[in-house]
Amino acid sequence: MENSYIDEPMLEAYVYETSQIIETLEQLMIQSEKVGTFSEEAMNEIFRFMHTIKGSSAMMMFNEISTLAHKIEDIFYVIRENKTIEYDFATLVDCILESVDYYKIEMIKIRNGERPDGDTASLTDKVNDYLVKLKKDNGLDKSKKEDKEKPKADQKYYISPNRKEDQAKYYKVKITFKKNCEMENIRAYTVIHNIVDLVEEVLYKPSDIIDNDQSVDEIRSNGFHMAIRSTAHEADIQKYLDSTIFLEKLDFEETNQEWFKEFEVIYQDQEISDEIKIPETSKKYVEIQKNKKEKEDSKQEVTATAAQSIISVNVDKLDKLMDMVGELVIAEAMVSQNPEVVRLEIESFDKASRQLHKISSELQDMVMAIRMVALSTTFMKMHRIVRDMTRKLSKDVVLDVYGEETEVDKNIIEKIADPLMHIIRNAIDHGIEDAEERKIAGKDPQGNLTLEAKNSGSDVLIIVKDDGKGLNKEKIYEKAYNLGLIYQSIEDMNDKDIYRLILHPGFSMKEQVTEFSGRGVGMDVVAKNIESIGGSVIVDSVLGKGTTIILKIPLTLAIIEGMNVKVGDSRFTIPIVSIKESFRPLNKEIIRDPEGREMIMVRGLCYPIIKLYEHYGLQTNVQDYEKGILIMVEEDDRSCCLMADELLGQQQVVVKSLPNYIKKYKQIKGLGGCTLLGDGSISLILDVGEFELSNVHEK
Amino acid sequence: MNEDMNSFMDEQEEDTQKGKFLTFYLGDECYGIDILYVTEIIGIQPITVVPELPHFIKGIINLRGKIIPVMDARLKFNKEAKDYNDRTCIIVIDVAQLSIGIIVDAVAEVLNISDDNIVPPPNLNTGGRKYIKSVGKSEEKITLILDCEKLLDENEVNELNHAND
């Protein structure tokens with residue numbers, strides 16, 4: 001069984017489930033830490049999480065992971081069962097967060113098909129020490145084990161916490177399943193699992209139904225016995241039991257307390273004899289069932305209402321779906337814009353194709369919406385970073401998060417987590433001062449960090465704002481000048497241009513390299529990552545007051561509205577958002593400067609002209625301005641006019657990246673990707689931002 | 001058990017593809033590509049020119065919604081260009097997750113060449129790029145077997161490009 005990766009789907013489910021648990025667990029810890037204690041709910045949840053991880057990891061044969069989870073589970077078990085216990089909260093949180101980190105690394109390893117080989121020894125020791133200390137401090141060491149066994153057994157067998165001694169009635173139940181129904185033990189388990197809501201206490205025999213395959217035989221031959229203590233209506237219980245699937249025969253009778261006690265004794269004997277032995281592989285199927293159940297339970301509690309209506313889908317499938325919708329859009333254009341059909345001018349066809357267009361664009365929106373994910377998980381991660389950093393640097397910083405419900409495309413989310421982390425680290429490390437410095441500056445000793453997301457047109461803005469010392473314009477300028485990045489004098493540059501310098505590779509303002517930042521590979525990576533998804537970074541700052549970094553990212557990458565233009569035999573697509581207008585100039589309107597650069601005056605403003613055929617060295621017959629067309633494009637307040645042969649029309653296009661081979665060879669300036677046109681030919685998408693634009697401002 | 005089965009299947013698959021080469025012509029010379037790399041063979045298609053690429057990359061084509069670059073084997077091997085006709089083919093190969101089409105004069109056949117009949121190429125010290133992995137013999141015919149990895153090595157592409165400059 002060395003190669004357990006044969007079970008791909010199972011492994012995938014495991015990694016998915018565990019990662020989710022870990023994430024929730026992390027959030028839970030951070031929340032609890034804020035409050036300073038574990039609520040009962042939180043404690044139950046952590047216990048359940050660890051239990052699930054323990055079970056499923058053992059099933060996947062990841063013993064290290066399982067052992068660690070088991071230890072933590074033990075700690076919480078002790079804490080939970082001894083309500084008055086005193087424990088070192090801070091150390092425990094540290095311990096668990098450390099374990100969370102460990103799990104994260106292991107999950108990545110597993111996902112990459114490696115064996116999770118991280119060494120848990122020190123971590124396990126730490127947890128173990130904690131457990132021992134905990135027990136010792138509270139006088140709960142080994143001698144009291146017996147006491148503890150009982151409540152554990154209670155727990156395992158679903159005794160509802162709110163026990164009412166009086167009025168409870170006792171029932172004796174024997175269930176016989178239909179022959180050949182198979183998996184009797186699981187059916188029995190289902191019965192037990194579901195009946196918990198109705199009863200105060202339920203004991204059953206054979207007791208090891210979920211751990212022991214042999215129990216199937218026993219249930220088959222002797223039936224499944226249950227002892228129930230319940231305040232619920234007799235009829236209700238009977239009704240419930242009657243509804244059991246594959247029920248052959250139900251013996252249901254009321255009994256007395258003595259009988260129940262007797263049953264309990266038999267039952268506990270059994271229990272102690274096979275006390276906590278770690279389940280082996282043969283029982284795993286049942287374990288999954290159990291884990292699933294518990295997972296479902298926990299989810300239901302977390303999201304109470306909407307749990308049932310959510311399914312998780314593999315991202316690959318969504319990608320595929322989107323690709324197909326993209327193809328559909330192209331195919332639709334192919335049909336409805338078929339030159340021969342268009343020439344016929346059939347009214348009913350027009351009507352039908354309009355309808356088709358409406359449906360396909362709705363479908364497209366829908367697929368887009370499916371891929372939208374709220375930023376909250378990404379933002380939640382930042383809490384953890386702030387926590388770790390403030391501890392290490394002993395600064396006091398509060399993170400406020402707004403607009404975490406803002407949604408962006410799944411692919412984009414993945415790309416912004418790292419940059420965001422960098423920015424937050426920078427803000428805490430460089431931006432926000434020590435408490436003393438802050439006091440001197442007359443600020444609240446507690447630093448404030450705001451993380452905000454909001455929609456703005458077709459973009460999402462993510463704003464990271466700190467109230468730290470801000471960027472020193474002169475210092476940045478000086479450094480950049482010394483590095484040879486700029487030649488202008490400081491008066492010639494506006495503030496934003498100077499701040500933008502910190503996004504330059506190799507530019508670090510921090511004199512000392514710390515664990516978290518200052519290696520000069522921070523902000524340029526941020527800028528690069530954000531640009532790679534078509535976004536931009538804006539830096540603004542007031543010295544002494546704080547810094548604001550705005551990430552402007554597009555809602556989606558995949559489909560854009562584009563204008564197709566023709567240059568010679570080539571076709572280009574210009575994103576509609578960057579087009580301001582298009583017009584055919586007169587030759588006499590063109591201005592040439594002594595270096596041969598051409599410009600055009602439009603409404604009193606002067607725009608440079610880039611001839612596409614010249615820029616890309618293409619052959620075309622249209623070189624005269626009066627025969628071609630100028631398209632004025634703009635990005636970030638900078639604009640220029642592109643000259644093309646003619647406009648072909650507006651169309652929604654699916655952005656496809658250029659083949660890797662070409663991308664590896666060279667980044668072609670001004671090309672953002674390619675797309676398929678209605679006739680199946682390929683058009684190159686222009687990335688307007690990469691052209692030599694110039695600032696055109698009204699004076 | 002499962003594992004055994006898998007490796008068995010793998011072997012089977014490998015067996016059927018081993019020692020088989022797709023041969024094609026550039027002028028009079030016969031070249032071969034290990035059939036493992038070949039995805040499909042298509043006729044010549046309209047090619048979209050992508051600016052600023054080396055001359056042997058003719059551009060990109062639309063292969064049923066997938067966009068792949070195409071390389072003219074003649075230009076790559078510094079032969080003179082030839083107009084495309086209806087014998088011209090694009091062989092789509094898949095090397096290290098890169099798909100690329102290779103334009104050749106004509107595709108010949110799939111040839112079985114046993115290991116005994118494959119010899120390393122002579123050590124020609126002409127300084128040229130070693131695109132030829134080995135030379136196969138079969139029935140009086142010599143097939144130059146291409147090294148697909150080297151063909152696509154973008155570092156070499158770069159070097160070559162600089163050399164051309």
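**Questions on a Predicted Model**

Reader: Which residues have the most contacts inside the largest nonpolar core?

Author: In this predicted model, the largest nonpolar core has 77 residues, and those with the most contacts inside it are Ile631(A), Cys641(A), Leu642(A), Ile33(B), Ile91(B), Ile93(B) and Ile102(B). From each of domain 3 (315-373) and domain 5 (559-695) of chain A, this core draws at least three residues. A second, separate core has 38 residues, including Met382(A), Met389(A), Leu449(A) and Ile498(A).

Reader: What makes such a set a nonpolar core?

Author: Its members are buried residues of nonpolar kinds such as Ile, Leu and Cys, joined through C-beta atoms within 7 Å. In soluble globular proteins, nonpolar side chains tend to be buried together.

Reader: Which residues does Ile93(B) touch?

Author: Leaving aside residues up to four places away in sequence, Ile93(B) touches Ile33(B), Tyr37(B), Val38(B), Thr39(B), Ile100(B), Ile102(B) and Cys148(B). Ile33(B) is also the bridge partner of Leu22(B), in strand E2 of chain B.

Reader: What makes E1(B) and E2(B) a hairpin?

Author: Strand E1 (residues 20-26) and strand E2 (residues 29-34) of chain B run antiparallel and are joined by six bridges. Pairing needs at least two bridges, so six are enough for these strands to count as paired. Two residues lie between E1(B) and E2(B), and Gly27(B) in the turn has a positive phi of about 65°.

Reader: In which sense do E2(B) and strand E11 of chain B pair?

Author: E2(B) and strand E11 (residues 141-146) of chain B pair in the parallel sense, over two bridges. The cut-off is at least two, so this pair meets it. Gly32(B) has Ile145(B) as its bridge partner in E11(B).

Reader: Why are E6 and E10 of chain A said to stand at the edges?

Author: The open sheet contains five strands in the order E6-E8-E9-E11-E10 (chain A), and its pairing is mixed. Strand E6 (397-402) and strand E10 (536-542) of chain A each have a single partner strand, so one side of each is left without a neighbour in the sheet. On average, neighbouring strands of this sheet are turned by 15° against each other, direction ignored.

Reader: How do you know that E9(A) pairs with E8 of chain A and with E11 of chain A?

Author: Strand E8 (residues 447-456) of chain A and E9(A) share eight bridges in the antiparallel sense. Eight bridges also link E9(A) to strand E11 (residues 546-554) of chain A, again antiparallel. The requirement is at least two bridges, so both pairings qualify. As examples, Leu449(A) has Asp466(A) as its partner in E9(A), and Ile463(A) has Ile550(A) as its partner in E11(A).

Reader: Why is the span of helix H3 of chain A called close to the expected one?

Author: H3(A), residues 63-81, has 19 residues and reaches 26 Å from its first C-alpha to its last, against the 27 Å expected at 1.5 Å a residue. Its buried residues include Ile65(A), Leu68(A), Ile72(A) and Phe76(A). The buried residues of H3(A) pack against helix H2 (40-59), helix H4 (89-111) and helix H5 (121-137) of chain A.

Reader: Why is Lys178(A) called partly exposed?

Author: Lys178(A) has 13 other C-beta atoms within 10 Å. Lys178(A) belongs to the loop between strand E1 (169-177) and helix H7 (184-195) of chain A. Its C-alpha atom is separated by 4.6 Å from that of Glu248(A), which is 70 residues apart along the chain.

Reader: What is the secondary structure of chain A and of chain B?

Author: Chain A has 22 helices and 23 strands, and 31% of its 699 residues are buried. Chain B has four helices and eleven strands, with 30% of its 165 residues counted as buried.

How values were computed:
Residues numbered from 1 in each chain as written. Chains lettered and ligands numbered in written order. Predicted model: local features only at pLDDT ≥ 70, side-chain atom pairs only at ≥ 80, totals over all residues. Buried ≥ 20, exposed ≤ 12 C-beta atoms within 10 Å, placed from the backbone. Domains from an automatic or database assignment. Contact = placed C-beta atoms within 7 Å. Axes fitted to C-alpha atoms, helices over the stretch in contact; angles between N-to-C directions. Expected span 1.5 Å × (residues − 1).
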